[in-house]
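Let's take a walk through a protein model together. Have the sequence and the 3D view open, and look up each spot as we get to it.

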Amino acid sequence: MKLKIPFQERVSLGYSLARTIHFTVQQMSLPIFEMILTGKVKRPPQLEPQKIQRAYQELYKLLKKDSQNIASGIYPLEVLKPEKATRHLLRFPRILLDGYGLSKRRQKKEAKSFNSEAQEYLSDLPEYYKRNFHFQTGGYLTEHSADLYEHQVEILFSGSADAMRRLIIPLVKQAYPGQGEGLHFLEVAAGTGRLTRFMKLAFPKARITVLDLSDPYLKRARVNLNNFDRLDFVQGAAENLPFADQKFDVVYSCFVFHELPFEIRKKVLEESARVLKEGGLIGLVDSLQHDDMTELAWALEQFPIDFHEPFYKNYIQNPMEGLLAYQGFTDFKKDVGFLSKALLAKRPISS
Ligand SMILES: C[S@@+](CC[C@H](N)C(=O)[O-])C[C@H]1O[C@@H](n2cnc3c(N)ncnc32)[C@H](O)[C@@H]1O
């Protein structure tokens, strides 16, 4: 007997697949635009068809899981609400031009190029952070970068980045069903607030403190999240949290640990444990690591070749599960989706 897929799941999945096609077309147009500008034809890396097929299967599985989560009410359909079409389309030519700049920086291996706006912030920031991660224009330190960031990430992951971010929500929901009344979350390295938006939709009554090192990204997060209440914005470093001990019920992050040196990764977990209540939860979404899915290991090897990611190789070799356990976290929950994984663990209650 064939099981019928619920209507809302079909609608969500259909929309997400169309969205993936849309961002994949944008992704493919970046090298074509560069070719038109430079007149030089670049051969794309030759990948075995089975590898590509496997990657797209994993992407499909992720979108399906995301649609099931919507249909079962773990988070509302509103997570799929697109931005205004004009905003989206007017940004795209800027992304094409920016892609050309990024590609030139990649060729010259130039990862410390900052304009005057970005330079104003540099003296207050840690050394490992003062770089153009992904060869991104302005690093995380300009309004221009903050304006393009979410759209660029979605292009990079063929429209799956949002679904990857949302992988953490069902794990938190299992521990805290309901609207989040009385709970205080801390999101570290929240960037422009993309996952914060999804968390607020899933836990509308929770208070969320939104922290990031980047002033321009935090400003953008304020704008992006201006229709939500119970939010605080704090500029600060995840490895030196400006909060009292045992303040939060959940501390979580998305796509940051792979951009941190090993010692800073450990410090961030230590600080997270400090500001968590006993029995509180730490959650993270980040890239898959070496042993998570051997079939996609080739993509993990390729990523730091194509993009400036100096700490990524060390990240994929050192499982986050081990670092969390070393810090005393227990009761692990895990999920994987396409190129990312979500982990949730508990700070034990002292006896
Ligand atoms: C790849 S982005 C991820 C942003 C966001 N979490 C998302 O899902 O799009 C990495 C973010 O981490 C922030 N970041 C990097 N190192 C940090 C640190 N030590 N403390 C706080 N934020 C940091 C950057 O400013 C940037 O916004």
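What follows is a short tour of helices, surfaces, salt bridges and a few backbone details.

## Before we start

This model is predicted: local features need pLDDT of at least 70, side-chain atom pairs count only at pLDDT 80 or more, and totals for chains, interfaces and linings use all residues. Residues are numbered from 1 along each chain as its sequence is written, and side-chain values use heavy atoms, with hydrogens and water left out.

## Helices that cross

Helices and strands here are DSSP runs, numbered from the N terminus (helices are H or I with at least four residues, strands are E with at least two). Take helix H1 (residues 7-38) and H2: their axes come within 8 Å and cross at roughly 140°. Axes are lines fitted to C-alpha atoms, for helices over the stretch in contact, and the angles run from 0 to 180 degrees between N-to-C directions. H1 and H2 are therefore oblique to each other. Under 35 degrees counts as roughly parallel, over 145 as roughly antiparallel, 65 to 115 as roughly perpendicular, and the rest as oblique.

Now find helix H5 (residues 143-156) and H9, whose axes come within 8 Å and cross at roughly 55°. That makes H5 and H9 oblique to each other. The crossing of H5 and H9 is right-handed, and H1 also passes H2 in a right-handed crossing. The rule is that a crossing is left-handed if the near helix is turned anticlockwise from the far one by less than a right angle, and right-handed if clockwise.

## Covered or out in the open

Buried means under 20% relative accessible area, exposed means over 50%, and partly exposed is in between (1.4 Å probe, protein chains only). How many of the eight residues of helix H7 (residues 168-175) are buried? Six of them are, and H7 is mostly covered. The buried ones in H7 are Ile168, Ile169, Pro170, Leu171, Val172 and Lys173.

Out on the surface, Leu47, Ile52 and Tyr56 form a nonpolar patch with about 240 Å² of accessible area together. Patches are made of residues with over 30% relative accessible area and no salt bridge; like charges are joined within 9 Å, and nonpolar side chains (Val, Leu, Ile, Met, Phe, Trp, Tyr) within 5 Å. The areas come from the Shrake-Rupley method with a 1.4 Å probe, and for residues only the protein chains shown count as cover. Isoleucine 52 sits in helix H2 (residues 49-71), and its 32% relative accessibility counts as partly exposed.

## Salt bridges

Side chains of opposite charge can pair when their charged atoms come close. A salt bridge is a side-chain nitrogen of Lys or Arg within 4 Å of a carboxyl oxygen of Asp or Glu, and a search of the whole structure finds 31 of them. One of these joins arginine 91 and glutamate 83 (2.7 Å, N to O). Arginine 91 is buried at 6% relative accessible area, whereas glutamate 83 is partly exposed at 33%.

Lysine 266 and glutamate 263 make a salt bridge too (3.7 Å, N to O). Both lie in helix H10 (residues 262-275), three residues apart, about one turn of the helix. Then there is lysine 341, which forms a salt bridge with glutamate 321, the closest N and O atoms being 3.0 Å apart. This pair links distant parts of the chain: lysine 341 is in strand E7 (residues 340-346) and glutamate 321 in helix H13 (residues 320-326), 20 residues apart. Lysine 341 counts as buried, at 0% relative accessibility. Elsewhere, salt bridges that share partners join Arg19, Glu150, Glu154, Asp162, Arg165 and Arg194 into one network.

## Positive phi in two loops

Most residues other than glycine have a negative phi. Lysine 109 has a positive value, with phi near 50°. Lysine 109 lies in the loop between helix H3 (85-108) and helix H4 (116-122), and is exposed at 70% relative accessible area.

Arginine 230 has a positive phi as well, near 55°. Look for arginine 230 in the loop between helix H9 (215-224) and strand E3 (231-235); at 32% relative accessibility, arginine 230 counts as partly exposed.

## Sequence distance and space

Valine 285 and methionine 164 are 121 residues apart in sequence and 7.5 Å apart in space, C-alpha to C-alpha. Valine 285 lies in strand E5 (residues 276-287) and is buried at 0% relative accessibility. For lysine 64 and valine 41, 23 residues apart along the chain, the C-alpha atoms are separated by 37 Å.
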